[in-house]
Structures are given as C-alpha cells and as structure tokens.
Amino acid sequence: MPIYDIDYETMPREGLEAIQLRRLQTTIERIYATVPFYKETYDKAGIKPSDIKRLDDLRRLPFTTKQDLRDNYPYRMFAVPMEQVIRIHASSGTTGKPTVVGYTKRDINTWADLMARSMAAAGATAGDIIHNAWGYGLFTGGLGAHYGAERLGASVIPVSGGNTKRQITIMQDFKPTILCGTPSYILHLAEVALEMGVDFKNLSFKSGIFGAEPWTEKMRHELETKLNLKAVDIYGLSEVMGPGVSVECVEEQKGLHIAEDHFIVEIVDPDTLEPVPPGDPGEIVFTTITKEAFPVIRYRTKDITSLNPVPCTCGRTHIRMNKPTGRTDDMLIIRGVNVFPSQIESVLMESREVAPHYQLVVDRVGNLDTLTVKVEIDEASFSDDIKGLQAMEGKISHDIKEYLGVSAKVALVEPKTIERSQGKAVRVIDNRQF
Ligand SMILES: [Zn+2]
C-alpha cells in the first residue's frame with residue numbers, strides 16, 4: 001500500500017528525534033509567552049523554556065489534565081489571538097462543561113494531512129469513495145475524516161451519524177469502498193441492514209476505519225466477518241487534535257502508528273506518574289509539537305495502553321501503540337477487583353450465542369457491590385427454552401469469574417433490547433452512591 005507522506009512516515013529514528021526536539025523547544029517557548037496557565041505552572045515548578053535541552057527534559061514539565069482545561073474554559077488555553085482561530089470543536093465530558101479546542105488555518109491543514117495519512121494507511125487511495133458515518137458537528141470525528149478524505153483526493157460521502165436506513169440505501173446505491181464510523185454503531189447498522197434484507201457481505205467495502213471508542217480483537221473479527229472488509233483502528237481525542245493521532249496500517253493491523261513528527265508520546269503509571277518499563281501498560285500521555293492554537297503539554301488522556309517498538313513490515317518507522325484496553329476512569333472496582341468493560345466484552349465474545357451488545361450495571365446492596373452483565377442473545381439462539389438460557393447465563397458467569405476474578409450475575413436479554421447509541425456506546429451504568 002502506498003504511504004501518503006513517505007519522507008516523514010518512514011524517517012529513521014535519529015532524524016525523527018531531532019525534529020521532535022526542535023519542535024518541542026519552539027512550542028514550549030511559545031506557550032510560555034502566550035498562555036498564562038503554562039507560564040504560571042512552569043514558574044511555580046522553577047522551569048524555564050531554555051531548560052529543555054534534550055527530549056528527556058520534557059519529563060521535568062508538569063502534566064496537563066482535563067481539569068486544567070475546564071479551569072480555563074472556554075478560551076484561556078488558546079495560544080493565538082481569536083482572529084487566527086478558524087475552527088472550534090468541543091468534547092462532551094461526563095460531568096460539567098465541555099472541553100473547548102481551537103484550530104488555526106495551519107492546524108486544520110496539519111490535521112487534514114494526518115487524516116489523509118491515516119486513510120492511506122487503511123488502504124484508501126484517490127480512487128476510493130469514503131462513507132463517513134462519524135457525526136458532523138462539535139465532535140471531531142465527522143469533519144476530521146471529511147477533510148482527510150478530501151486531502152487524499154478521495155470522494156467523501158458526508159452521511160454523518162444516524163438515519164440508519166438511509167445510510168444503508170446509500171451504501172447500496174453509491175457503492176462506497178471505505179467505511180468510517182464508531183464500531184458499535186457500525187455493528188448496529190449491519191443488524192438493521194440484515195432486517196432490510198441487505199447483506200453487508202455483498203456491499204463494496206474493502207476497508208473500515210473504526211474509532212472513537214475502544215474496541216477489542218474479538219470485535220475486529222466480528223466486524224470483518226459481518227461486513228467483509230479489513231477493519232483498522234484509528235485513535236485521537238479533540239484535546240490532542242481529533243482522529244488521526246494514530247492509526248493501524250492495513251498490512252499488519254497490529255497496533256496504531258503514532259504520528260511522531262507531530263506528537264511526543266509517553267506511557268506513565270497513572271498512580272505514581274513515573275514512566276512504566278518499555279512495553280508495559282499505563283496511561284498514554286501526549287505532547288503536541290506543531291499545533292498553534294491549542295497546544296497541550298504532557299496531556300493525560302486517561303486511556304490505558306502500551307507501546308510496541310517492534311519495526312513494522314509496512315515500512316513506517318513511527319512507534320505503535322496497542323489498542324487501548326480501557327480508561328483509568330472507566331475502570332470499575334468491584335469488591336476490590338479492577339474491571340474494564342473491554343475485559344468483560346472479551347469474555348462475552350467467546351460465546352457464539354450472544355450478540356456484541358451488552359451493558360454493565362453496578363449496584364451497591366448493603367455494603368456489597370454487585371455487577372450485572374446484561375447481554376443480548378442472538379436471534380438464532382433466542383428461544384423459550386428457559387433451562388437452556390439459564391445454563392448459558394451460568395456458563396458466562398463462570399467464565400467471567402474464571403478470567404477476571406469477579407462474580408457477576410449474567411442476564412440474557414432479548415435481541416435489540418439494549419438501547420443503541422448513535423455515538424459512543426453506553427457500556428456502564430453505575431448506580432452506586434459514594
Ligand atoms: Zn505498519
């Protein structure tokens with residue numbers, strides 16, 4: 001597969017690190033002069049921009065958190081005057097105000113380039129037709145992919161999210177070859193398509209670029225067999241840029257290449273904030289080194305993953321991050337056991353009789369936390385055979401205990417009874433009062 005930006009994407013480590021250092025120094029000097037938050041934080045820590053002499057010196061700088069962005073809502077983290085900002089996006093938080101981010105003309109240009117790189121990595125070329133089912137709006141998915149597709153020279157269909165039946169008609173008639181969307185929504189689409197008598201296998205897709213929520217290898221298998229395409233993972237968050245921070249190559253589909261000429265990556269222990277040993281899992285932290293309007297330094301993403309430094313057969317030299325396995329704040333502690341929804345998902349996917357739609361409900365009864373896993377049974381296995389269903393619930397419950405060490409009640413529910421989301425799936429309902 002052709003590499004979009006061959007010079008930068010295959011640059012040897014040494015050259016890449018020289019560029020990173022130069023860009024980091026420029027960024028730190030600029031934000032120290034323009035963003036009061038960074039000046040105050042660095043003054044307090046006794047660090048001057050001129051102290052950044054090597055890449056390792058980045059570790060001397062304090063982290064930036066979502067709370068810092070909230071405290072400076074809406075525009076106080078911007079490093080350029082408003083007349084240079086040409087786009088604003090925002091991400092919804094689970095609590096409180098959204099996080100507001102801005103882009104200069106050059107930022108939008110960089111982002112389009114990185115999304116074009118990402119689409120090329122997934123196998124897209126100028127000759128492809130891209131069905132973009134990410135939402136257009138404040139969310140970065142829709143417009144991010146849109147600009148990238150145009151930059152690549154492909155034909156983009158700006159379908160956005162929702163209107164599921166219309167999406168399927170468009171897929172049949174317009175014959176798109178690349179599909180972009182949130183994996184849980186795409187599986188929902190496949191389900192509705194079947195109801196309409198449309199088999200995804202007969203559509204014209206060759207690759208799917210899926211992201212905006214963590215998904216597992218089991219889900220990749222599910223997507224690839226149901227949709228008859230190559231499924232690659234894309235990663236990004238609005239605070240850092242949007243989608244295109246990292247992407248899997250279609251050659252290996254084993255971890256996401258991080259655009260290291262634009263972002264410096266670290267993995268830290270979320271408790272001690274110290275770097276983890278190479279290859280170990282921890283919280284992924286990003287520093288942007290080319291962004292003008294909204295640079296972030298050592299931004300804590302709360303996403304848990306690890307880095308894979310093994311050279312990739314696709315030829316790209318940029319380091320890969322493994323698929324995120326969850327978030328530090330998604331993590332449930334059930335009777336002292338750390339549980340990520342993605343781990344439960346892996347267990348559920350082992351069972352051929354259940355559909356990939358599930359929800360975890362946590363309650364506190366007395367002083368005891370209880371976990372109920374609601375999971376849909378697939379159409380074919382759904383029957384009135386109570387004994388059969390009970391046996392299946394027992395088996396899944398046993399498997400969860402076996403793999404995760406936590407007791408869970410499993411409740412099989414009828415097909416299509418768990419509410420479908422047009423965006424990120426709601427995987428956890430926590431009814432506990434702390
Ligand atoms: Zn690769």
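**View 1. Along the chain, the donors of the zinc ion follow the spacing C-x7-H-x54-C-x1-C.** The protein donors, meaning N, O and S atoms within 2.8 Å of the metal (3.2 Å for Na, K and Ca), with water absent so that sites may look incomplete, are Cys249 (SG), His257 (NE2), Cys312 (SG) and Cys314 (SG), and they lie 2.1 to 2.3 Å from the zinc ion. This view, like the others, shows a predicted model, in which local features need pLDDT of at least 70 and side-chain atom pairs count only at pLDDT 80 or more, while totals for chains, interfaces and linings use all residues. Residues are numbered from 1 along each chain as its sequence is written, and side-chain values use heavy atoms, with hydrogens and water left out.

The 4 donor atoms subtend angles of 102 to 115° around the zinc ion, and the arrangement is therefore tetrahedral, a label given to four donors if all angles lie between 85 and 135 degrees. Cys249 and Cys312 link distant parts of the chain, being 63 residues apart: Cys249 sits in the loop between strand S8 (242-248) and strand S9 (256-258), whereas Cys312 sits in the loop between strand S13 (307-308) and strand S14 (320-321). Helices (H or I, at least four residues) and strands (E, at least two) are DSSP runs, numbered from the N terminus. Cys249 and Cys312 are both buried, where buried means under 20% relative accessible area, exposed over 50% and partly exposed in between (1.4 Å probe, protein chains only).

**View 2. Gln253 and Lys302 have positive phi values, although neither is a glycine.** Most residues other than glycine have a negative phi. Gln253 counts as buried because its relative accessibility is 12%. Lys302, by contrast, is found in strand S12 (residues 299-305), where its phi is near 70°. With a relative accessible area of 33%, Lys302 is partly exposed.

**View 3. A cis peptide bond joins Tyr73 to Pro74.** Omega of this bond is near -10°, whereas most peptide bonds are trans. Pro74 lies in the loop between helix H4 (66-71) and strand S1 (85-91).

**View 4. Pro62 is found in the loop between helix H3 (36-45) and H4.** At 23% relative accessibility, Pro62 counts as partly exposed. Once its neighbours within four places in sequence are left aside, Pro62 is in contact (heavy atoms within 4.5 Å) with Thr41, Tyr42, Ala45, Ile297 and Arg298. Between Pro62 and Pro309 there are 247 residues of separation in sequence and 26 Å in space, taken from C-alpha to C-alpha.

**View 5. The second largest pocket is lined by 31 residues.** A pocket here is an open set of points, on a 1 Å grid over the protein atoms alone, where a 1.4 Å probe fits, with protein on both sides within 12 Å along at least five of seven lines, and lining residues have an atom within 4 Å of a point. Of the lining residues, Glu222, Lys226, Ala355, Pro356 and Asp378 lie nearest the centre of the pocket. Helix H8 (183-195), helix H9 (217-227), helix H10 (341-350), strand S18 (354-365) and strand S19 (368-377) are the elements that give two or more residues to this lining, and H8 contributes the largest share, 6 residues.

**View 6. H10, one of the elements lining the second largest pocket, is largely enclosed by the rest of the structure, because 7 of its 10 residues are buried.** The buried residues in H10 are Pro341, Ser342, Ile344, Glu345, Val347, Leu348 and Met349.

View 7. Asp369 counts as buried, since its relative accessibility is 6%. Apart from neighbours within four places in sequence, Asp369 is in contact with Ile333, Ile334, Arg335, Asp363, Arg364 and Arg432. The C-alpha atoms of Asp369 and Arg335 are separated by 6.1 Å, although these residues are 34 residues apart along the chain.

**View 8. Lys416 touches Glu191, Glu195, Glu376 and Glu379, not counting residues up to four places away in sequence.** Lys416 is found in the loop between strand S20 (409-413) and strand S21 (428-430), and its relative accessible area of 36% makes Lys416 partly exposed. From C-alpha to C-alpha, Lys416 and Val375 are 10.0 Å apart in space, and they are 41 residues apart in sequence.

How values were computed:
Tetrahedral: all angles 85-135°; square planar, octahedral: opposite > 155°, others 65-115°.
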